[in-house]
Amino acid sequence: MSTELGPCPQCGKPAGEFKDGGSGRFRYLVVCGACAWSPGPARVKDAAVKLWNEAKPVATKPPEGKAPGRRDE
Ligand SMILES: [Zn+2]
């Protein structure tokens, strides 16, 4: 099981930090110490790590590449 934080999906720096979200149900949150980006809170720590590690950079392109019926050019 891998529960290590990879580099920040947004800025690429290994600056992910756990923040304790308090008493809510979704209390596990990883925030980038460099750019302050976060994938959002999760209910368990593993899920927060997964969100972080599997996040895609936002504000670049809309999701594509898995469109059905892709064309071979
Ligand atoms: Zn960052």
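Helices, at least four residues long, and strands, at least two, are taken here as DSSP runs numbered from the N terminus. On that basis, the protein chain of this predicted model comes out with 1 helix and 2 strands. Walking along the sequence, the pattern reads β-β-α. As for contacts with a separation of 6 or more, 26% of them link residues 24 or more positions apart.

The helix, H1, covers residues 45-54, and its buried residues are Ala48, Val49 and Trp52. Looking down the axis of H1, these buried residues fall within an arc of 100 degrees, so they line one face of the helix. What do the buried residues of H1 pack against? They sit against strand E1, residues 16-20, and strand E2, residues 28-32.

Turning to the nonpolar side of things, the largest nonpolar core holds 6 residues, namely Leu29, Val30, Ala42, Ala48, Val49 and Trp52. Both E2 and H1 put at least two residues into this core. H1 gives the most, with 3 residues.

Ala48 is a handy place to look at how the pieces meet. This residue is buried in H1 and belongs to the largest nonpolar core. Setting aside residues up to four places away in sequence, Ala48 touches Tyr28, Leu29, Val30 and Ala42.

Definitions and conventions: Residues numbered from 1 in each chain as written. Predicted model: local features only at pLDDT ≥ 70, side-chain atom pairs only at ≥ 80, totals over all residues. Buried ≥ 20, exposed ≤ 12 C-beta atoms within 10 Å, placed from the backbone. Arc of directions from axis to C-beta. Contact = placed C-beta atoms within 7 Å. Core = buried A, V, L, I, M, F, W, Y, C linked by C-beta atoms within 7 Å.
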